[in-house]
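I'll just talk through it and you can follow along.

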Amino acid sequence: MMGINQYVKKTTNAAPLAVFRICFGLMLFGSIIRFWNKGWIESLYIKPTYFFTFYGFEWVKPWGEYTYALFFICALSAFMVAIGLFYRVAISSLFLSFSYIELMDKSTYLNHYYFISLICLLLVFLPAQVYFSVDSYRHKQIRAQFIPQWNIDSIKLMMAILYFYAGLAKVNSDWLWHAQPLSIWLPARNDMPIIGFLFNYTWIPYLFSWFGCLYDLSIPFLLWNKKTRIWAYVAVIVFHVLTALLFPIGMFPHIMMVAALIFFSAEFHQNVMNRMVAFFRLPIEKQQPSSVYQAPRFLHWGFVLFFAFQIIFPFRYLIYPDELFWTEEGYRFSWRVMLMEKAGYAQFTVKGGQGQQAVVNNNVHLSTLQEKMMSTQPDMILQYAHYLCDYYAKLGFSSPQVYVDSYVALNGRLGKPLINPQTDLAKEQDSFTHKTWILPFNDTIKGF
Amino acid sequence: MKKYLLIVLTGLIWACGSNGTGTEDPTPQEEGKDRKAILSHLADQVIIPAYANFKVKLDAMLVKSEAFSNQPNATNLAAFRSAWIEAYIEWQKVELFDFGPAEKQTIRNFFNIYPANENGILANIADPTSNLEVPASYAQQGFPALDFLINGVAKTDEEIVAYYTAPSDGAKRIAYIKRLTSRMNTLLDKVIGEWNTSYRDTYISKTGLDISSSTSLMINGFVLHYERFIRSGKFGIPSGAMLNGVIAPEKVEAYYKKDISLVLAKTAHQAYVDFFNGKAIKTGLEGPSIKTYLDALKAKDSATGKNLSDIMNAQLEATKLKLDLLRPNLFEEVKSNNQAMISVYTEMQKTVRLLKVDMTSAMSITITYTDNDGD
């Protein structure tokens, strides 16, 4: 107990958290500008007529043309977080707006968006503004040179969880024994300059798979350990640059490369800061040498609960029968990244009471991305089926029944039906219990 | 002099050295994964020669149509008609290349959207300035419109000839045939011209698999062609398999000529199989293709160890057997033997799944088109 008490009281230089705030804020600001610039707000959140909401968050929907305002708020908040202006308000608004955006449509779900939301949530309660910020420049009373050690450790822990769980998820027979899906994805890049020819070799995907798995499992520890840190960071750069070159995963590699700097020492960050001050000729704020930021006590328990949840939640898949990759029950929010090449085809038939029957043209209701995502994920198939039921009811079908002819291929296996074609999906309800209308996988993927 | 010798010697050694490594054959597998080789083979041995063959048939049709226009009589009509049939059949062998120049010119939309819009055609005859470039005009031109004009405007050949010799409107009608055939000629020339100049190099150089790459565009066009134009267009829609079982025999291809509809479908299907297997147009030999690429990727059914390409070829073969059960006139088949039509559709549906899900997934290609089933 003594150990814990001492740990909680331990303080450290506030510089790493301040640098993290600046980098994180700027990266997010850049991400949103990029998103906007690519026209994705329009194509993902305004054009589609239907959106796949998250269970329990059905009220979270795009705001039509005003969705741009939402992104503007998000970008502005990110920028204010970076410079540390009205920090608590800005980070709260960043957390809320970013999470809201990510909850609007399941088809755009990405693990790293979830990661960003979680980091934002942590930052709401962390004193990232007490040092090297506009706030601390303007208000002497909030300045502090030192903050509790656990404040910085909690960011590190969150990153460690992401990496370690992503590594754990790779400990499975598809990834390690069959090098899937990399055996499918890497040959696709065999026309890359210089390294492309490598992807023609069958052993290369194995090498990448094993390296990726070991990297994810070990990198948090190697970054945490002072002796290995610098080499670990080199590995971070190599790994993420490679993934950025090979796969269309947007900002994620860049965010991780920058975020991993949090593991470096206070002196390192102080140095970075001094350089920034010199380069931008910033008015230097004189810290009172011994000022220490005191975190409110309730936060301790809040953080304990938060991390307990983070550690347990990804294992929820264990309570579901059948193969996780097939049913995807408990798949999201668990750091399962790049694990599956899954493609599918779902053709819906709606039948009405008076013998009406229609084969649905998904194109009318969904965007290409939405259709692609829906056709392999049972919960989305069900959501869409309910939407179709309502839609055809309005067209005059009495108590419409909705059936789906589905076909899904997973990690190089030949495709097969995912959903029982005899099930009237209009009658099924979504819940956290197992979906009995998912046909059995009849294969095993061993491991986590 | 010494220096000169040295340079020559080094050059020779280097040449031998590089030659030595050059002759070392890459393993068949590595070769099979070379998309440039596949794209080159498909462009040079399949696509460009297929267009050239079609051009010959279309030119012949133009000659016969010209003769008929100059002198509308039963003999010229029969000659025109048989040239039209031959060109229509040959068209089935190029319709599937719906990417690159063909997609740019939307040649399919102008060549083969059926059923023909009779009223539209009649209106265009009356108004020679009508716009044939807009989507509304798709069904008023190309092979289906000619089908109507040389097979459907009257019952007997005599009456058809009379339709074009009519003192009042005959000339206008002839003019419309001329307008259509010369438009087809212009469009095809554009497509062939692009293939023969810049597009061929663009095609074989964009070797990536991103959405703007040749392979991705080609596979998207290839899958779409089967799903929408072979499966739905030729069988799904006329048989009613896609619409609540409501049959629509008038929506078969070559509705007015009727007895060539099966030949057209079979030709299209065979061309599809041949393209998949990379069968060279002139030599009939198979070369680098989607099939060899899938094999090089070792795409197989993990449960049985069977190659995906073999599974696909077997499925295409099974479909062919169903096609063989049909009689030449699909219009009649829909009316009297529709179950056989539906069973072709069902068999094709299985192929669509293999193409759209298994093949694209194995190749790591994203389907970017959206199908408009159920329209």
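Predicted model: local features only at pLDDT ≥ 70, side-chain atom pairs only at ≥ 80, totals over all residues.

Residues are numbered from 1 along each chain as its sequence is written, and chains are lettered from A and ligands numbered from 1 in the order in which they are written.

Chain B, then. Its secondary structure comes to 16 helices and 0 strands, where helices (H or I, at least four residues) and strands (E, at least two) are DSSP runs, numbered from the N terminus. The C-alpha atoms of chain B fill a box of roughly 90 × 60 × 30 Å along the principal axes. Of its 375 residues, 46% count as buried; buried here means 20 or more other C-beta atoms within 10 Å of a residue's own, exposed means 12 or fewer, partly exposed is in between, and C-beta atoms are placed from the backbone. UniProt, in an unreviewed entry, puts "domain: Imelysin-like" at residues 47–337 of chain B; its positions are given in the numbering used here, feature names are shortened, and annotations may be inferred rather than shown by experiment. Over that stretch, chain B is 65% helix and 0% strand, with the end C-alpha atoms 36 Å apart.

Now the sheet. Chain A has an open sheet of 3 strands in the order β4-β3-β5, with antiparallel pairing, and pairing takes at least two DSSP bridges between two strands. The edge strands are β4 and β5 of chain A, each pairing on one side only. How many bridges join β3(A) to β5(A)? There are 10, and A:Val350 has A:Val402 as its partner in β5(A). β5(A) is largely enclosed by the rest of the structure, because 8 of its 10 residues are buried.

What lies across these strands? From chain A, helix α19 (378–394) lies across β3, β4 and β5, running at about 150 degrees to β5(A). From chain B, helix α16 (338–363) lies across β3 and β5 of chain A, at about 155 degrees to β3(A). Those angles run from 0 to 180 degrees between N-to-C directions, with axes as lines fitted to C-alpha atoms, for helices over the stretch in contact.

That brings us to the contact between the chains. It takes 26 residues from chain A and 27 residues from chain B, counting two residues as in contact if their C-beta atoms, placed from the backbone, lie within 7 Å. On the chain A side, β3(A) gives the most, with 4 residues.

In helix α13 (252–259), the buried residues are A:Phe252, A:Pro253, A:Ile255, A:Met256 and A:Ala259. What covers them includes α2, α6, α8 and α12 of chain A.

And A:Ile41, in helix α3 (40–46) of chain A, is buried, with 20 other C-beta atoms within 10 Å. Leaving out residues up to four places away in sequence, A:Ile41 touches A:Phe35, A:Trp36, A:Ile46, A:Thr67, A:Tyr68 and A:Phe71.
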